[in-house]
Amino acid sequence: MARRLSGPWPTVVAGVAGLGLCCAAAATTPFTPGAVATVVAGYLVVLMALPLHRMTGAGAAPVPETAAGAGVTIVTTDAGPRRGWRWAVVVVPPVAAVCWELLCVVHGDRSAWPTLSSLLDDVDAWPIGRGAACAAWLGLGWALVTR
Amino acid sequence: MSTRDGVLVVWVAIALLVVAGAVVAGRSGGRLPGYGTLARVATDGPVRRTVCVLGWMWLGWHAFAR
């Protein structure tokens with residue numbers, strides 16, 4: 001049986017590790033072993049989050065509500081409408097971004113047609129920007145793994 | 001206005017569209033799915049989640065290590 005961890009310390013440890021990684025990322029330059037090591041450490045921190053999340057009990061599967069005595073499982077669904085066009089509000093902007101990114105990639109000239117990557121390079125050129133981008137990346141990974 | 005300026009204007013417009021999508025979905029009172037719902041659908045199940053995590057790993061490599 002897996003031992004359950006309690007208290008806030010797993011989150012604190014993960015937060016300190018993440019902060020350390022952001023500082024390391026701010027101090028590194030792309031195409032260097034230090035940058036590669038920082039990214040690999042980021043993989044390890046976030047992928048370790050899954051077992052940690054389960055050991056703390058936060059990742060336990062929710063128990064479905066059942067109607068007492070009826071043996072009927074109540075499945076909670078989104079209250080929103082089901083028609084596909086209503087997804088346009090959140091699907092169109094990312095699709096537009098992907099299309100524009102592809103158009104910029106096809107043009108090839110990064111100075112005239114900057115892609116998201118080249119825009120991120122401008123942010124990464126600044127240590128604080130690189131640290132902030134690393135924090136956003138780690139947060140996204142953490143959310144992906146633990147949700 | 002240079003080509004670069006025009007391209008940047010489109011990027012800003014897309015960013016505003018993303019924010020507007022979140023605001024509209026948030027103010028719909030649950031009638032319209034938001035980015036949270038989209039993320040939940042995108043990561044629903046082990047295969048989709050694995051694909052998303054691999055995409056996240058590529059993103060970090062691309063942004064910080066190359």
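**Close-up views of the contact between chains A and B**

The count between chain A and chain B is one salt bridge. All views come from a predicted model.

**View 1. The salt bridge between the chains.** Here the side chain of B:Arg4 meets the side chain of A:Asp122, with 3.7 Å from N to O.

**View 2. The side of chain A that touches chain B.** Four helices of chain A each give two or more residues to this side: α2 (33-55), α3 (88-107), α4 (116-124) and α5 (127-146). The largest share, 10 residues, belongs to α3(A). Sorted by class, this side of chain A holds 33 nonpolar, six polar and nine charged residues.

**View 3. The interface as a whole.** In this view, 48 residues of chain A contact 39 residues of chain B. Together the two chains bury about 3800 Å², and 72% of that area lies on carbon and sulfur atoms.

**View 4. Two helices of chain A crossing.** The axes of α4(A) and α5(A) cross at roughly 120° and come within 6 Å. That angle makes α4(A) oblique to α5(A). From α4(A), A:Leu120, A:Val123 and A:Asp124 meet A:Gly129, A:Arg130 and A:Ala133 of α5(A). By class, this helix contact has three nonpolar, one polar and two charged residues.

Definitions and conventions:
Residues numbered from 1 in each chain as written. Chains lettered and ligands numbered in written order. Predicted model: local features only at pLDDT ≥ 70, side-chain atom pairs only at ≥ 80, totals over all residues. Heavy atoms only, no water. Contact = heavy atoms within 4.5 Å. Buried area = accessible area lost by both parts, 1.4 Å probe. Salt bridge = Lys/Arg side-chain N within 4 Å of Asp/Glu carboxyl O. Nonpolar A, V, L, I, M, F, W, Y, C, P; charged D, E, K, R; others polar. Axes fitted to C-alpha atoms, helices over the stretch in contact; angles between N-to-C directions. Parallel < 35°, antiparallel > 145°, perpendicular 65-115°, else oblique.
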